[in-house]
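Please open the model in a viewer and keep the sequence at hand.

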Amino acid sequence: MSEDPQSVESLGGSNRVAVMVDAAFERAYTDEELRAIFEQADPQQLSQVKAQIVAVIADDPVQYSDTELTDLHRGLGIQEKHYSRLIRHMIEVLEAHGTGQELIDVILGRLAMYSNRITGMPNVDG
Ligand code: HEM
């Protein structure tokens, strides 16, 4: 049976996604644009961040409500450009692992849905 190219299972399951999210964060830590944001972060919390991003990518349940996610990121200075950059690192890692464009597009769509919750776009000044 051939695998569904849109299924995250074709990436090798959640464990494999976790390895790729780790790799994307390693890139993010050395990214000039993102460094300031992650420098203030608690490493233990970051493992929780990564676990939730794995859930988003794998279309598993996220353990936080939309409001909680917005509250947790408020004041961290995460703008749309930072969000895009972290996703860019994620895509590059997926590509490096030979992920097909179709699945990358699906993953991009899932991640894009969270952007407003994380950047708190409607009230950036407030
Ligand atoms: C789908 C997207 C995202 C999800 C689901 C997510 C999830 C989370 C969660 C659950 C926490 C709270 C962790 C805890 O207190 O235990 C958190 C905190 C945080 N997130 Fe995100 N996040 C996302 C995107 C981002 C992005 C794009 C950035 C940076 C560019 C980011 C940076 C941070 C930072 C710096 C913290 C604070 C860590 C700390 O309190 O020390 N997150 N995130």
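Select the ligand in this predicted model, together with the shell of residues around it. Helix α3 supplies the largest share of that shell, namely seven residues. The shell as a whole comprises 25 residues, of which Ala-41, Asp-42, Gln-45, Gln-48 and Tyr-114 come nearest to the ligand. Colour next by element: those contributing two or more residues to the shell are α2 (32–39), α3 (43–58), α4 (66–73) and α5 (80–96). Colouring the shell by residue class then shows 19 nonpolar residues, five polar residues and one charged residue.

How far apart are the axes of α2 and α5, and at what angle do the two helices pack? Their axes lie 10 Å apart, and the packing angle is about 105°. Since angles of 65 to 115 degrees count as roughly perpendicular, α2 and α5 are therefore roughly perpendicular to each other. To display the contact, show Glu-33, Leu-34 and Ile-37 on α2, and His-82, Arg-85 and Leu-86 on α5. By class, this contact of α2 with α5 has three nonpolar residues, one polar residue and two charged residues.

Remain on helix α2 and select Arg-35, which is found there. Is Arg-35 buried or exposed? Arg-35 has 11 C-beta neighbours inside 10 Å, and because a residue with 12 or fewer is classed as exposed, Arg-35 counts as exposed.

Definitions and conventions: Residues are numbered from 1 along each chain as its sequence is written. This is a predicted model: local features need pLDDT of at least 70, side-chain atom pairs count only at pLDDT 80 or more; totals for chains, interfaces and linings use all residues. A residue is near a molecule or strand if its C-beta atom, placed from the backbone, lies within 6 Å of it. Helices (H or I, at least four residues) and strands (E, at least two) are DSSP runs, numbered from the N terminus. Ala, Val, Leu, Ile, Met, Phe, Trp, Tyr, Cys and Pro count as nonpolar, Asp, Glu, Lys and Arg as charged, and the others, Gly among them, as polar. Axes are lines fitted to C-alpha atoms, for helices over the stretch in contact, and angles run from 0 to 180 degrees between N-to-C directions. Angles under 35 degrees count as roughly parallel, over 145 as roughly antiparallel, 65 to 115 as roughly perpendicular and the rest as oblique. Two residues are in contact if their C-beta atoms, placed from the backbone, lie within 7 Å. A residue is buried if 20 or more other C-beta atoms lie within 10 Å of its own, exposed if 12 or fewer, and partly exposed in between; C-beta atoms are placed from the backbone.
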